[in-house]
Amino acid sequence: MADIVLFHHIQGLTDGVRALADQLRAGGHTVHTPDLFDGERPATIDEGAALTRRIGGEALDERADRAVADLPKDLVYAGVSWGAATAQRLAQTRPGARGALLYESCLPVTGEWAVGPWPEGVPVQIHGMDKDPFFALEGDIDSARELVGIVGPEQGELFVYPGEAHLFTDSSLPSHDADATALAVRRSREFLDRLG
């Protein structure tokens, strides 16, 4: 079974993010859900963006680093939207990553905005909607395609769902899509099971 750290999105550690963690736990996995916002749950994406600016990127990175410091090295790094960027950074820079599950976001792995190269042998699975204004229309889907192309079909998967919702995996938000989430969770658990 896998040891997973799941980073929340820009509206904080919502009940929906906790529910997603519970669905992964139901597959027999251990899931850690650090709260990088210290209990704050912004009501909107814009308010969440304002909060991250107020806290600062460096401080948030430090919080994430502290959250995993005492966890096993062979983690699966997972995250939803804003949290997926944190998960991806750690998967790429903290030695020993076992895999990465990226929901509704993907950073480039080449070029100016890249954190660095993707580590060899680390599998990744990415989920997003085909008309999501953030994932599909701001370039994340292109980054996801590039990443899957780099790691190859044995190690990388991109699943695109019909719809325009962002944060569709969060059952506590109006953007939730139950059918797409159920499929994403099933595929995620299959991915985790393959890790051995």
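This is a predicted model: local features need pLDDT of at least 70, side-chain atom pairs count only at pLDDT 80 or more; totals for chains, interfaces and linings use all residues.
**Close-up views of selected contacts**

View 1. Because the two residues stand three places apart in helix α1, about one helical turn separates Asp-22 from Arg-25.

**View 2. The salt bridge between Arg-41 and Asp-15.** The side chains of Arg-41 and Asp-15 meet at 3.4 Å, N to O, and this pair links distant parts of the chain, since Arg-41 belongs to the loop between β2 and α2 whereas Asp-15 belongs to helix α1, 26 residues apart. Arg-41 has a relative accessible area of 43% and is partly exposed, as is Asp-15 at 48%.

**View 3. His-29 and its surroundings.** Located in the loop between α1 and β2, His-29 is buried, with a relative accessible area of 5%. Its side chain reaches the backbone nitrogen of Ala-2 at 3.0 Å, and the residues that His-29 touches, beyond those up to four places away in sequence, include Met-1, Ile-4, Leu-24, Leu-192 and Asp-193.

**View 4. The packing of helices α3 and α4.** Helix α3 (residues 57-69) packs against helix α4 (residues 82-93) at an angle of about 60°, with the axes 11 Å apart, and the crossing is right-handed. Leu-60, Asp-61, Ala-64, Asp-65 and Val-68 of α3 meet Trp-82, Thr-86, Arg-89 and Leu-90 of α4, a set that comprises five nonpolar, one polar and three charged residues.

Key:
Residues are numbered from 1 along each chain as its sequence is written. Side-chain values use heavy atoms; hydrogens and water are left out. Helices (H or I, at least four residues) and strands (E, at least two) are DSSP runs, numbered from the N terminus. Buried means under 20% relative accessible area, exposed over 50%, partly exposed in between (1.4 Å probe, protein chains only). A polar contact is a pair of N or O atoms within 3.5 Å; within protein, one must be able to donate a hydrogen and the other to accept it, and residues adjacent in sequence count only if both atoms are side-chain atoms. Contact means heavy atoms within 4.5 Å. Axes are lines fitted to C-alpha atoms, for helices over the stretch in contact, and angles run from 0 to 180 degrees between N-to-C directions. A crossing is left-handed if the near helix is turned anticlockwise from the far one by less than a right angle, and right-handed if clockwise. Ala, Val, Leu, Ile, Met, Phe, Trp, Tyr, Cys and Pro count as nonpolar, Asp, Glu, Lys and Arg as charged, and the others, Gly among them, as polar. A salt bridge is a side-chain nitrogen of Lys or Arg within 4 Å of a carboxyl oxygen of Asp or Glu.
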